[in-house]
Amino acid sequence: MQRVLLLLAAGAAFALGPLAASLGPVSGAALALLLGVLLALSASGARSAVAAATGALGAFAAAVMAPASPAIGGAVLLGFAYAERTARVRGTGSAGRALPRLAHLGVALGAGALAGTIGVSYASASLGVRGVAVVVAAVLAALPLLIEADDPVAHELDRAAATVSDPARARLREGAELRRQAGEELLDARSARQVKRTWRALVRLAEARCKLERASTGASSQAERVRALLDDRIAAHVSVLSRAYLAVDAARGAEATIDDAALRSVESVGESLEQVSDALVEEA
């Protein structure tokens, strides 16, 4: 779904972006801002205020630079649109942690430069040619998705875990790993909504715990009680989510054991072949 939304948003951005300047200073700026925010939210895959802000900033920067160089304008637009996702790209080890992020940023800038050049070069072409150019630009804009990024919720939990002390740190890291491995295919619509709300609540608890950790210097007994309460609530949320996904995995395993049609088919074929073999032996 994210790829489809991104292709639509990128197609709109590179198709309508070159035309925004002809709509006037107010309407054109509003359209460019809207396209930049939609593109950034689609690239992020989450309702992120950071993504919306970087998308708006990218739209402004692209509007300033595109008249001088469409390639730079497109690179800036897509680079800022993917900024939030770039921050979530994970690496291994302290030295290699930045390399995947640099690769993600480089792909975004290069794809944006090509897409911006294509969008402006064919802005006055016939409708069919322009349609093909927009599709090519949209596909180019989706190239950074080939580099895997961390889940937004898992990223937030990991970032919070790095700033708090135990036991909240261990539980938040456990929640982040659970989120990365979670599968919700067998959840019904109502259960999926409840699980989603629980994840949002856990993120809010993690944010509150981080704020309390930063203000822990000279903390009063009341602050300590609040911290203990937050730790308990975080642990309870992670435990509930873990049980929910364990039930999903158990249901998936039970479903796999029930679906033994292939086993029975092979067993039937084996029995038939044994009967044929016995008949041939008796005739011999």
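Helices α10 (residues 168–181) and α11 (residues 189–214) approach each other with their axes within 12 Å and cross at roughly 150 degrees. Axes here are lines fitted to C-alpha atoms, for helices over the stretch in contact, and angles run from 0 to 180 degrees between N-to-C directions. That crossing makes α10 roughly antiparallel to α11 (angles over 145 degrees count as roughly antiparallel, under 35 as roughly parallel, 65 to 115 as roughly perpendicular and the rest as oblique). The crossing is left-handed, that is, the near helix is turned anticlockwise from the far one by less than a right angle. On α10, the contact (heavy atoms within 4.5 Å) is made by Ala168, Leu172, Gly175, Leu178 and Arg179. Trp199, Leu202, Ala206 and Arg209 make it on α11. These residues divide into six nonpolar, one polar and two charged. Ala, Val, Leu, Ile, Met, Phe, Trp, Tyr, Cys and Pro count as nonpolar, Asp, Glu, Lys and Arg as charged, and the others, Gly among them, as polar.

The model is predicted; local features need pLDDT of at least 70, side-chain atom pairs count only at pLDDT 80 or more, and totals for chains, interfaces and linings use all residues. Residues are numbered from 1 along each chain as its sequence is written, and side-chain values use heavy atoms, with hydrogens and water left out.

Pro167 lies in the loop between α9 (152–161) and α10. The peptide bond from Asp166 to Pro167 is cis, with omega near 10 degrees.

The axes of α1 (residues 2–20) and α2 (residues 25–44) come within 9 Å and cross at roughly 160 degrees. The two helices are therefore roughly antiparallel. Their crossing is left-handed. Residues of α1 in the contact include Leu5, Leu6, Ala9 and Leu16; those of α2 include Leu31, Leu35, Leu38 and Leu39. The contact comprises 13 nonpolar residues, five polar and no charged.

Helix α3 (residues 49–65) has 17 residues and should span 24 Å at 1.5 Å a residue (1.5 Å times one less than the number of residues). Its end C-alpha atoms are 24 Å apart, which agrees. Ala51, Thr54, Gly55, Gly58, Ala59, Ala61 and Ala62 of α3 are buried (under 20% relative accessible area, with a 1.4 Å probe and protein chains only). Their cover includes α2, α4 (70–81) and α5 (83–87).

Overall, the protein chain has 13 helices and zero strands. Helices (H or I, at least four residues) and strands (E, at least two) are DSSP runs, numbered from the N terminus. Of the 284 residues, 33% are buried.

Key
Buried means under 20% relative accessible area, exposed over 50%, partly exposed in between (1.4 Å probe, protein chains only).
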